[in-house]
Amino acid sequence: MTDKPPVTTYVVSVFEKPMWRDVLTTKDKAEAEAMVEAIGKGARIEEIRPRPKWR
């Protein structure tokens, strides 16, 4: 059985008062960075790394 390494997910969010709104969820870091540059001020990238499964 081949175990695949966990894949990091990138979430691009924009602040719209009174909370943060998710715009894009992707596995591609370059795509997330391009979206933040297009949005400009008020955007952020969050990295979600899954924990490895312990057996």
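Trainee: Which residue forms a salt bridge with Glu16?

Mentor: A salt bridge here is a side-chain nitrogen of Lys or Arg within 4 Å of a carboxyl oxygen of Asp or Glu. For Glu16, the closest N and O atoms of the pair are 3.8 Å apart. The partner of Glu16 is Arg21.

Trainee: Before we go on, what kind of model is this?

Mentor: Residues are numbered from 1 along each chain as its sequence is written, and side-chain values use heavy atoms, with hydrogens and water left out. Local features need pLDDT of at least 70, side-chain atom pairs count only at pLDDT 80 or more, and totals for chains, interfaces and linings use all residues, since the model is predicted.

Trainee: Is Arg49 buried or exposed?

Mentor: Buried means under 20% relative accessible area, exposed over 50%, and partly exposed in between (1.4 Å probe, protein chains only). Arg49 meets Glu47 in a salt bridge at 2.7 Å, N to O, and Glu47 at 39% counts as partly exposed. Arg49 has a relative accessible area of 61%, so Arg49 is exposed.

Trainee: In what order do the three strands of the sheet lie?

Mentor: Strands are DSSP runs of E with at least two residues, helices are runs of H or I with at least four, and both are numbered from the N terminus. Two strands pair if DSSP finds at least two bridges between them. The sheet is open and its pairing antiparallel, with the order S2-S1-S3.

Trainee: Which strands are the edge strands?

Mentor: An edge strand here pairs on one side only. That describes strand S2 (19-26) and strand S3 (43-48).

Trainee: Why does Ala32 count as buried?

Mentor: Ala32 is found in helix H1 (residues 29-39). Ala32 counts as buried because its relative accessibility is 0%.

Trainee: Which residues is Ala32 in contact with, leaving aside its neighbours within four places in sequence?

Mentor: Contact means heavy atoms within 4.5 Å. With those neighbours left aside, the contacts of Ala32 are Tyr10, Val12, Leu24, Thr26 and Ile45.
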